[in-house]
Amino acid sequence: MTFSDSLTAPLPLRIVAGGTTRSASVRNALDALADDPEPVVDVFIHDAARPFVSPKLLADLFAALGKHPAAAPALPVVDALWTGHGERVTGLRDRSGLYRAQTPQAFRFDAILNAYRTQQEAAADDVAVALAAGLEVAIVSGEETNFKLTYPQDFARAEHQIKERSMDVRTGNGFDVHAFEDGDHVILCGVKIPHTHALRGHSDADVGMHAVTDAIYGALGDGDIGQHFPPSDPQWKGAASEIFLRHAVELAASRGYIIGNMDVTLICEHPKIGPHAADMKQEMGRIMGMDTDRVSVKATTSEGLGFTGRGEGIAALASITLVTA
Ligand code: MG
């Protein structure tokens, strides 16, 4: 394998030798594409010194190429412009209609190839070549984050930007059990279900919601439901467990996280969960401010084994993913 092969494998990239100027390098690449057996329709010409180009910017440029032979990103100049000599301001310049150019600059391939083939002198960028050939160039809104790495301090800014972008993903699990006692209904994942028994607990004993709440505290590394809402505190007697779940979701939000998805499994022989699962999903999604396609509520029996099998109570197991907002 040659050195250039090793650089491009496994990507379908081709390396073209550069020229003595930027324009000559671009010209070489365009000539190489012109020889391609597959006809090239559009071409994007980019400076590697701008490593933060976003998929959105590429999509915007591509869309602009549908209407124009050329399109390039730019940002309007917002600072006042002066001329100066030495350390003295010598005059002012009108900034209206002035833009800071970025790359990638996008072209219909035939148009920019012809422009380069008729251009003799080196140009500052590809838009300059296009304009010299009389091509109309559309301005697409550039991005401040798509800056050019030129000075040493630009690398510090780049490092900061990479850190900001890097996504922190956390997972947490929660497990809870509540025993049956006398009563005529249970509350599971916020839904009241008629039953031969109730669940015993200091609050409304919503075992599913408690497991989910604990999973969030777990992902945050911040204790459990009992620490945040001590059972010894009379104010939580009979409380709706929604209070606990909301607290955990808000705590996650205050630390910069949103909930990627949640999954809870209820373990019992009775009541049957299936007929209520859709309502539970809806209710959990409402409380947590999540789309229901990110919420899962499911159930299993324990095949008659153990305390859940003997109908002594209900257990719940939950998983949560937190991602940086
Ligand atoms: Mg509990």
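What spacing do the donors of the magnesium ion follow along the chain? The spacing is D-x1-H-x31-H. The model is predicted; local features need pLDDT of at least 70, side-chain atom pairs count only at pLDDT 80 or more, and totals for chains, interfaces and linings use all residues. Residues are numbered from 1 along each chain as its sequence is written, and side-chain values use heavy atoms, with hydrogens and water left out.

The magnesium ion is coordinated by Asp176 through OD, His178 through NE2 and His210 through ND1. The distances run from 2.1 to 2.3 Å. Donors here are N, O and S atoms within 2.8 Å of the metal (3.2 Å for Na, K and Ca). Water is not among the atoms, so sites may look incomplete. Asp176 is buried at 17% relative accessible area. His178 is buried as well, at 11%. Buried means under 20% relative accessible area, exposed means over 50%, and partly exposed lies in between (1.4 Å probe, protein chains only).

Asp176, His178 and His210 also line the second largest pocket. Helices (H or I, at least four residues) and strands (E, at least two) are DSSP runs, numbered from the N terminus. The volume of the second largest pocket is about 210 Å³. Its lining divides into 5 nonpolar, 5 polar and 1 charged residues. Ala, Val, Leu, Ile, Met, Phe, Trp, Tyr, Cys and Pro count as nonpolar, Asp, Glu, Lys and Arg as charged, and the others, Gly among them, as polar.

The largest pocket holds about 310 Å³ of space. Lining residues have an atom within 4 Å of a point. Grid points are joined across faces, edges and corners, and a volume is the space filled by probe spheres set on the points. The lining of the largest pocket includes Pro12, Leu13, Arg14, Val26 and Leu33. By class, this lining has 8 nonpolar, 2 polar and 1 charged residues.

Helix H7 spans residues 207-220 and has 14 residues. From first C-alpha to last, H7 reaches 20 Å, close to the 20 Å expected at 1.5 Å a residue. The expected span is 1.5 Å times one less than the number of residues. Of the 14 residues in H7, 13 are buried.

The structure holds 0 disulfides, a disulfide being a pair of cysteine sulfur atoms within 2.5 Å. The closest cysteine sulfur to that of Cys189 is in Cys268, 11 Å away and too far for a bond. Cys189 is buried at 0% relative accessible area. Cys268 is also buried, at 4%.

Two further contacts in space were noted. His195 sits in the loop between strand S10 (191-194) and strand S11 (197-199). His195 is buried at 16%. His195 and Asp184 are 11 residues apart in sequence and 5.1 Å apart in space, C-alpha to C-alpha. Asp263 lies in strand S12 (residues 257-267) and is partly exposed at 24%. Asp263 and Lys298 are 35 residues apart in sequence and 7.9 Å apart in space, C-alpha to C-alpha.

Definitions and conventions:
On a 1 Å grid over the protein atoms alone, a cavity is a set of points where a 1.4 Å probe fits but cannot get out, and a pocket is an open set with protein on both sides within 12 Å along at least five of seven lines; lining residues have an atom within 4 Å of a point.
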